Amino acid sequence: MSDNGRLMLAPMATVSHEAFRRAVARFGGCDEYVTEMIHAPSLLAGGQWEPYYLMNGPEPDKIVWQLTGNKAESLVRAAALLAGREGIGIDLNMGCCAPQIARTGAGIAWMLKPVAETAAMVRGVRAAIANAAKDGAREKRLSVKLRLGAEDFTDDGFFAFCDMLVGEGVQLLTLHPRTQKEKYRRPPRWDYVERLAVRYGGNIPVILNGNVCDRASYALARAAAPHASGVMIARAAAQKPWIFAELRGACPNVNLEQVALAFIDDVEECQPPEFHRTRLQRFFSYFCDNVTFAHWFKTQMLNAATPDQSRERVRAYFAQCPQDMQAEAH
């Protein structure tokens with residue numbers, strides 16, 4: 001199925017770190033891994049947690065660094081730092097609608113600010129990336145992940161905003177076609193992905209994001225947006241790190257106990273102790289949906305206090321429910 005375009009792992013806070021990317025890579029990986037949000041001011045300040053956000057394994061050449069921040073100056077300076085690292089490119093977060101992010105002026109707030117302010121920020125980031133490549137390094141791609149905008153967005157305003165991004169040097173757009181306040185219960189408007197892709201005639205790749213969770217939904221999304229250059233997957237990948245293998249037409253042999261235990265090991269290796277519990281909780285809040293007694297198993301895993309306790313509970317569940325050991329492809 002991947003002959004229809006690239007397959008990308010979405011940026012997910014507390015999920016899209018190296019430990020999780022390893023889980024995806026064990027099943028053949030994907031074409032691009034977008035990191036969880038890197039907060040530009042924290043990166044510039046040399047915060048104690050930043051080295052963990054900058055880990056680039058297990059496939060450094062497939063990394064896309066996602067930046068978030070509310071000021072142009074910090075985003076420009078942070079982009080200059082990341083442009084010298086391995087990977088495909090730098091992505092600007094203009095789609096996160098979490099209130100604690102948007103209220104600060106970051107995430108989707110960049111779609112709601114005066115267009116001239118956002119354009120100046122993008123122009124500055126693009127220049128920083130170009131300057132970093134002057135010494136012979138390969139120039140990083142600049143991309144933006146965005147939504148449709150606020151609840152009162154208009155087609156003219158949305159497409160004009162995208163034209164501005166492209167005019168300022170953005171080379172790839174990923175669209176989650178919901179508004180700022182639309183929740184996941186509302187179907188994404190995949191037709192906007194198609195309209196955007198047709199608008200740029202293939203010169204600017206447009207990636208579809210939203211509600212792709214298996215082969216059937218992938219086929220529906222591709223039918224709705226046949227000119228999209230690929231698909232980005234978030235929550236479904238957190239539940240099934242092997243989903244990219246499925247979408248490529250493979251039927252991976254998935255031992256759920258082994259996947260869970262390997263992930264716990266990788267979290268211990270790739271994350272500081274202060275992050276262990278929250279990272280495990282976030283992963284298992286999705287992963288447990290693969291088993292018959294999902295609610296019970298999820299409660300057990302969310303209440304586990306340490307990685308060792310998490311391992312014990314994984315082993316206990318599959319000892320009691322061995323019929324759940326093997327995941328089924330969909």
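The model is predicted, with local features needing pLDDT of at least 70, side-chain atom pairs counting only at pLDDT 80 or more, and totals for chains, interfaces and linings using all residues. Residues are numbered from 1 along each chain, and side-chain values use heavy atoms, without hydrogens and water.

**Exercise 1.** State which residues of α1 and α13 make the contact (heavy atoms within 4.5 Å).

*Solution.* Start with the helices, which are DSSP runs of H or I with at least four residues. The axes of α1 (residues 18-25) and α13 (residues 256-270) come within 8 Å and cross at roughly 145°. Next, list the contact: E18, A19, F20 and R22 of α1, with F263, D266, V267, E269 and C270 of α13.

**Exercise 2.** Describe how α14 and α15 are oriented to each other.

*Solution.* Take the axes, lines fitted to C-alpha atoms over the stretch in contact, with angles from 0 to 180 degrees between N-to-C directions. Those of α14 (residues 273-287) and α15 (residues 294-302) cross at roughly 175° and come within 9 Å. The helices are therefore roughly antiparallel (angles over 145 degrees). Finally, R277, Q281, F284 and S285 in α14 meet K298, M301 and L302 in α15.

**Exercise 3.** Identify the strand that gives the largest share of the lining of the largest cavity.

*Solution.* List the lining: L67, T68, G69, L75, L92, N93, M94, W110 and M121. Here a cavity is a set of points on a 1 Å grid where a 1.4 Å probe fits but cannot get out, and lining residues have an atom within 4 Å of a point. Then assign elements, strands being DSSP runs of E with at least two residues: β4 (63-68) and β5 (89-94) each give two or more residues. The largest share, three residues, comes from β5.

Notes
Angles under 35 degrees count as roughly parallel, over 145 as roughly antiparallel, 65 to 115 as roughly perpendicular and the rest as oblique. On a 1 Å grid over the protein atoms alone, a cavity is a set of points where a 1.4 Å probe fits but cannot get out, and a pocket is an open set with protein on both sides within 12 Å along at least five of seven lines; lining residues have an atom within 4 Å of a point.
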